[in-house]
Amino acid sequence: MRCFTGGDFAQNGYVAWCEATNQCVIVDPGAAALDMVADVKTGAGEVTAVLLTHAHLDHVEGLGVIRDYTDAPTYLHPADRVMFDNLPAQVAMLGLSGSGPQLDPPEREFEDGETFHFGESVFRVIHTPGHSPGHVILHAEDDALALVGDLVFAGSVGRTDLPGGDYQALFRSIRQHVLTMPGETRLFTGHGPATTVEHERTTNPFLVPSYGGELA
Ligand SMILES: [Zn+2]
Ligand SMILES: [Zn+2]
């Protein structure tokens, strides 16, 4: 797993590798997409898919750079497709200049519970609405890690004030799908440093009951 951070929102994109076969998947190509492509080239990787945890601008703006390099199909949950198709509106909402990237639609739709195999590694797709309607997380149970996008962060949780955000759904998603993972599971987040399930369960002020949080 390699992390690439870039852009005004310090968004984290990832290249997840199967070290045994050099097959890899690209997750959330944002402003650092060129660095992601360089990493794949350096490692002689074979990109098998591009996976989008959700369709916010900062997580997809580098998709064109990736597509210039590989024909691997892009996956997005259908409930985030409307946002993907309205990137100019997102640009305006975030107060940025320009009209945003012109992107062809994702070729494939995520299904809740489906699995992605690349080399000897497996990601399970879990639909986790709240931050956006079609947000998903990617759980590699055998590797004790998950890519959680903007669902939960080290010491914080995803914002729910953007269109399609839902505060109750966000906490339900975290309780049902993140806090139920084994405590040692490493969480790679869409912004900021990586953390673990146990660390967030015990210290995240939004999740610890003694801090007034909502732990199931
Ligand atoms: Zn987001
Ligand atoms: Zn984000």
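1. I would start with Asp58, which counts as buried because its relative accessibility is 8% (buried means under 20% relative accessible area, exposed over 50% and partly exposed in between, with a 1.4 Å probe and protein chains only). Asp150 is also buried, at 4% relative accessibility. Please keep in mind that this is a predicted model, in which local features need pLDDT of at least 70 and side-chain atom pairs count only at pLDDT 80 or more, while totals for chains, interfaces and linings use all residues. Residues are numbered from 1 along each chain as its sequence is written, ligands are numbered from 1 in the order in which they are written, and side-chain values use heavy atoms, leaving out hydrogens and water.

2. The zinc ion (ligand 2) is coordinated at 2.1 to 2.7 Å by Asp58 (OD), His59 (NE2), Asp150 (OD) and His191 (NE2), where donors are N, O and S atoms within 2.8 Å of the metal (3.2 Å for Na, K and Ca), and sites may look incomplete since water is not among the atoms.

3. The zinc ion (ligand 1) has His54 (NE2), His56 (ND1), His131 (NE2) and Asp150 (OD) as its donors, at 2.1 to 2.4 Å. Along the chain, these donors follow the spacing H-x1-H-x74-H-x18-D.

4. The two sites meet at Asp150, which coordinates both the zinc ion (ligand 1) and the zinc ion (ligand 2), and these ions are 3.4 Å apart.
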